[in-house]
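Hi,

Here is the structure I promised to hand over. Please open it first; my notes follow.

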Amino acid sequence: MKKIAYKNLDLLYKEIAGAQELYLPVKVAKATNFKKYEDGVEVDIKSLQTVKSAKDLFFPQSEDMMEFKTSGKNIEIIDARKTPAPFVLFGVRGCDLKSFEILDRVFLAEPVDTMYKAKREAVTVVTLACNNPESSCFCKVFGVDASNPKGDVQATIVGDEMFFEPLTEKGRALLDSLKCLEDGDATAVEGEKKAIAEKIDALPFVNLDLSEFKGENLMKLFDRPEWEDLSKACLGCGTCTFVCPTCQCFDIRDFQTNAGVKRFRCWDSCMYSEFTKMAAENPRKNQMQRYRQRFMHKLCYFPSNNDGEYGCVGCGRCVKKCPQSLNIVKVIKKLGGKNND
Amino acid sequence: MQRIETAMIEKAKALLSSGEVTRVLGWKKGELGYDVEPCVFKSEESLKDFCYNVFCGANLSKYLVEESKKEGKILVFLKPCDSYSFNQLIKEHRINKENVYTVGVECQGKVDPYKLKENGIEMVDSAVETVDTVTVKGKEFKKEEIILGKCLTCTKKPLSYDDIISFNEKREPVLDRFETVKKLEAMTADERYAFWKDQLSNCIRCNACRNVCPACTCTKCVFDNDNSGIASKANSDSFEEKLFHIIRAFHVAGRCTDCGECSRVCPQHIPLHLLNRKFISDIDRLYGEYQAGEDTDSKGPLTNYTTGDVDPSDVFGGNN
Amino acid sequence: MQKIGVFVCWCGSNIAATVDVKKVADVLRLEPGVVISETYQYMCSENGQALIRNAIKENGLTGIVVCSCSPRMHEATFRKTAESAGLNPYMVEIANIREQCSWIHKDMDEATEKAIVLGRSAIAKLKLNAPLTSGESAVVKRALVIGGGIAGIQSALDIAEAGYEVDIVESSATIGGNMAKLDKTFPTLDCAACILTPKMVDCAQNENIDIMTFSEIESVKGFVGNFKVQIRRKARFVDEKKCTGCGVCMQKCPSKKGKNEFNMGLNNRPAIYIPFAQAIPNVAIIDPEQCLKLKNGKCGLCAMQCQVNAIDYTQKDEIIEREYGAIVVATGYKPISLENFNEYGYDTYKDVVTSLELERLMNAAGPSDGHLVRPSDHKEPKVITFIQCVGSRDTSGCGKPYCSKICCMYTAKHAMLIREKYPDTEVHVFYIDVRTPGKNYDEFFRRAVEQYGVDYIKGMVGKVYEENGKLMVQGSDLINNEQVVIPSDLVVLAAAIEPNPSVRKIATMVTASIDTNNFLTEAHAKLRPVESPTAGIFLSGVCQGPKDIPETVSQASACAAKVVGLLSKDKLKCNACVAHSDETLCTGCSVCANVCPYGAITYVDKEFRIGGGKTETRRVASVNEAVCQGCGACTVTCPSGAMDLKGFSNKQIMAEVDAICKR
Amino acid sequence: MDRKEQAKLIKERSGTDVRKCMKCGKCSGRCPAYAEMDIKPHQFVSYIEKGEVEKLLESKSLYTCLSCFACVERCPRGVAPANVIEAVRQEVVRAQGGNKVQAEKIPETINEAIPQQLLVSMFRKFNK
Amino acid sequence: MQEMNNEKRPLIVAFCCNWCSYAGADLAGSSRLSYPADVKIIRVPCSCRVNPMFILKAFQRGADGVIICGCHPGDCHYTTGNYYARRRMSLLFSMLDYLGIERERTRVEWVSAAEGAKFSAVMNDFASKVAALGENKRLEDLRCKE
């Protein structure tokens, strides 16, 4: 167990960033997101949640795949994938860490997504326990322990100090390399963890009933009439999918540059009318169908195909960010099971 | 203020039972108090979940584009700002007015849940509202401390309605709506560039601003249309952040009623309304004051002209 | 797969001296899609064109780019060349490497490089070109003339003479307009009735002319060659076909308090009346405001007296619809209202009259049978003072900023006529400037001064007031630098003229543009002065700007010539580069129609499939290709990008941008 | 200050565009004080337009103009001769200084229909 | 801007209306009134055909300045096109300025078919102002610059 005084965190960041790239919650113009640490940035480590999730680091919003260079009538094909240098992702919360597991199931399954894999392998994750979980948090429902978030290194703020506990080889190596840290005592951390667990148990959504969401109920759930009302106010904007740590859909697009064509992939959203557009059109023609797709995928299709693992980590971003206050909690409460009443 | 909600429910019940309307567009209670959602109620019974309170900030007018196509009349409750959007949509033939029964409702500013959170309040069991204050969890706030940005500058008065439910005079706006625009104009070009670079770099192109906007009702947006030449799904370069927001603001210029929904819904809190307000302030300054949505038949400033209009070289309002 | 041919012209040394044309051809040959790239000394020559024709045929080219002079010079030439080789003429693009390259640059490398970029840009555009064909529309061989004054009469007569049918729609009960009210006309002093009434009769007798008086335009739909016009024939309560114009009803009518409009309200007429003796049609009309039968059902004397049973108290407005190929607007003018000019006392003193009223007072058929007397006491005036520019050239907001053009001449005419007929009358004229350009015009004015001794005073009148039964006219004499007061018996005001107010409504209906003074705008101030920018709409007379009778008649005939030119065509070839609305994208928001200068955009409800076997009805824009001139204003105003312009599409222009920026 | 400058100043102070004058003389045609004026209202406009101020500065018209604004009211071109006269008067008065009419002696309530400018010009006129 | 002189010349896209300004450019050519080869003209039917999209697209592609030329107000071949263009461009340019983009990179000029000399003078002036600003950094797309 290592520790550092909270006021000295900047030294820590500087030291990490001196050796490899460091990504952590940074506030720019009122919004906190994972960004690269550079001199002068405003680190916002205490903020419970970044707007965009940490998945951005492995599966960025937009990413080059290949290039076609043209000159006259000739075309040259260039591999645009980059080999990432080792980097540290600092301040990841339990829910976001859990989301990596879910994304791994998608991107690391055959056929392996090489671009994702390279970045997953290059990272050292430092998680941070949630001292002040919010009413919109329901990670516990999906088996996340926000007081014990895991990762390569697990950090906990106790009073005016931050404690670090290495959990993997990578984590240990990172901690060992840092000279600004001093040895710490685990007892204070244990106390804090207990306090956090108590806070979590008092949150409003921690006892959501998911019992109805299982493979054999698929058709029944699909045909539930409540979808119509649940989705009524949905604007189809896609905010929920873009802030969601587990949404993994992307589109592959071409951009014509002055020298040829860049092929890149970028996030897509099942909320969009252009999503999975086929020869004719999007098979899901109205917003109710698109809305249903998103939640059925997270709560029914995904667990059916992945040993019961849900496609949601209970981070509550959609609860906070939906312009019209629609969210997965409302879906679970309506369709999840009797104990939600 | 509670009696507004009561009066609204009574009105809705009466119209539903008389058969004059078949549906009611309003707000439904949420799980955490502040997360009320727009909802179409189809029966008197379902109105038990109906609510109208300080959290009903969403603009309902856009839902009518689809709802007014359906059979039967729908009752809609319009806040003053919603009613301007409604009028503008009527002007653009996007709403079938015959299928809508409009009831104007009093609004003295709606609460911004983020501002509540900043004040340490997360869940809301009940909120007691007066014209100038809101009391949540026993704590009394002045409106200007916790209402949405768009409400701080609101001067909108109720427009023509079939019926109106209003008991108090509208409170005066706290701020001049062009104050921030003026501040930006007074900056140097470098400062302005830095400001917008920071703001727009946060844009995740979730399209919330566009999809909530009552002026953005295109069947297919140019940014979704692969044939348009500017379609894109994510910002792959900082240029695309600017392109999206400039074109979007331009497309709604002269049609934007300044309802402020774009900034309310932005997950990154980008003050997008400042782009629209820049156009509004330029239009007011250069072509005479114009409030989109104030009527249903005037020509918009961009589909109009006078022979003596100012030249593009002489339009700059701010510093260089 | 596209097969593009590139043809680089030397233009002798015009291009070749500064641009390495061989290099341009060689580089462009490498562009994707290009299968042949050649140079020639004079591409526009017969040999050069043959080269292009052969290349198109031999290589099966789908499009050609000619790098040469400005498209304004030879685009049409090369389009014809392409067409003769079986290629659609719109599959031709020109890269302007002469006016916009070789002639302005001196450095060979620089100019060659730019020529290559311009060539690439043209190729990029061409790749997105689509074959276009000009639409055709049939022409209805009938013209509508709105307004039956001298302008409308002359236009109608000339069109009818050329063998086409014409309808005159006149809002008052007779044709003739303002000219019929005039006494004599300048500069020859022949009587207006003597020269106008024969023309009116000609109209009535011409088989090709149909006169609809007491009628108004209700709506105009359609476009050049195919207007559909609704005309409201207002109830006159007299059957036009039966009435013989005998006038017995007028004598028997007991209600005689109606203001006689023809005499400018200077005397009264019965409730049933014929506007004036030579009215066309010579048919009575009942004024429902004055008629006792129509007001309270008690009378019916005229019906009893009428030998031919022409009176019909139950007559209602009737709306008829007709089709026209061309519309002539000849709505004329009226004197402005003088309510803003109380300094002249027009509303206060009976003996302050307008010039048009004076015309009636001097007219043999007028209220005083041509004997000039003052309206107040019917005595002969001994001192008459004229005031010019009343409301003309006035930028204070009370009057009109323009010169009414006719006042100087008619005031001279009045002064002269009075001095001739009543030599012992003293005549003064206050003027700011005397403007008499025109054949024999200045001579005419000088005659008034030199031969008839009219007293012209340079200066304006400040006020008119009454003192001892005289109208005291106080004004400046700027030449003598004194203030003068002229005790007068009659004061005549040369009121400014303004377009007939009905023109606004009509302009909106036919989507013709109108200026700030409500005069109709011509398509080009110098080169197309009798056409409106809206195709098929023509301008005749004062509705376009102030003018006198000779000018009006010339313009009316010019207008007729243009109409005849249009009607002589069986089909109209339309512009091929027109706007086009993608109905799947259009939301029907109507902003495009707001900016269309030609009224080419209308909206229709269309059914669309929305999946699941369902359909929905949407309002979408539809462009009338016969009317669209291809400016593109609509394309930019359309937020959804549904509106695009053929030949200059969004994608084509953006492809040009891309190609230019490639480096 | 040379005459040119002075003319420019007077022009500016008058707030009227003398070039708009089309020399119709309606101002002088209406002027009730015409007989008492050595230089007539239209001449004021004309002189100022030509930049000749000398004669104007000595004119007795400055003190016979009633400031009734009839000329302003009647001008068809929106020129204001009275304002020109007023501007010249100011030029003269400012050069002299000293007040004859004292503000304290003005009654508290004045007929509201009296134009403000008339009151002001009264001060200027009777302050020699 | 020194480095621009040799290696990187500024790139200027000029949208010219077919009836006045394009003809004015032709007249400049026939009169041999030179202006920098950096200026490349795109012919459009009317200044009202210029979509803000085209202007932004040009900047994205690497243009350093964009100028729109049309008939003088009141002389539009289509009677009213340039009036709309004037309003649109006024608002667009003011917005670009608001975002901190240099004012001198955009311009609207009214050039008639008779004003060959004006066309040349305008282009010379615009090109030198744009060159002085240097490369367009604030409205660039890095993908188009590689």
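The model is predicted. I start with a helix pair in chain B.

Helix α7 (residues 179-186) of chain B packs against helix α12 (residues 273-287) of chain B: the axes come within 9 Å and cross at roughly 85°. Angles of 65 to 115 degrees count as roughly perpendicular, so α7(B) and α12(B) are roughly perpendicular to each other. On the α7(B) side, the contact uses B:Thr180, B:Val181 and B:Leu184. On the α12(B) side, B:Leu274, B:Arg277, B:Lys278 and B:Ser281 take part. By class, the residues of this contact are 3 nonpolar, 2 polar and 2 charged.

Next, a sheet in chain A. The sheet is open and has 4 strands, in the order β6-β5-β13-β12. Pairing is antiparallel. From one strand to the next, the twist averages 20°.

Look at one pair in that sheet. Strand β5 (residues 62-71) of chain A runs antiparallel to β6(A), and 6 bridges join the two. A:Met66 has A:Asp79 of β6(A) as its bridge partner.

Last, the chains. Which chains share the most contacts? Chains C and E do, of the 7 pairs of chains in contact. Chain A and chain D have no contact, and their closest C-alpha atoms lie 50 Å apart. Chain B and chain D do not touch either; there the nearest C-alpha atoms are 19 Å apart.

Over to you.

Best wishes

Technical notes. Residues are numbered from 1 along each chain as its sequence is written. Chains are lettered from A and ligands numbered from 1 in the order in which they are written. This is a predicted model: local features need pLDDT of at least 70, side-chain atom pairs count only at pLDDT 80 or more; totals for chains, interfaces and linings use all residues. Axes are lines fitted to C-alpha atoms, for helices over the stretch in contact, and angles run from 0 to 180 degrees between N-to-C directions. Angles under 35 degrees count as roughly parallel, over 145 as roughly antiparallel, 65 to 115 as roughly perpendicular and the rest as oblique. Two residues are in contact if their C-beta atoms, placed from the backbone, lie within 7 Å. Ala, Val, Leu, Ile, Met, Phe, Trp, Tyr, Cys and Pro count as nonpolar, Asp, Glu, Lys and Arg as charged, and the others, Gly among them, as polar. Two strands pair if DSSP finds at least two bridges between them.
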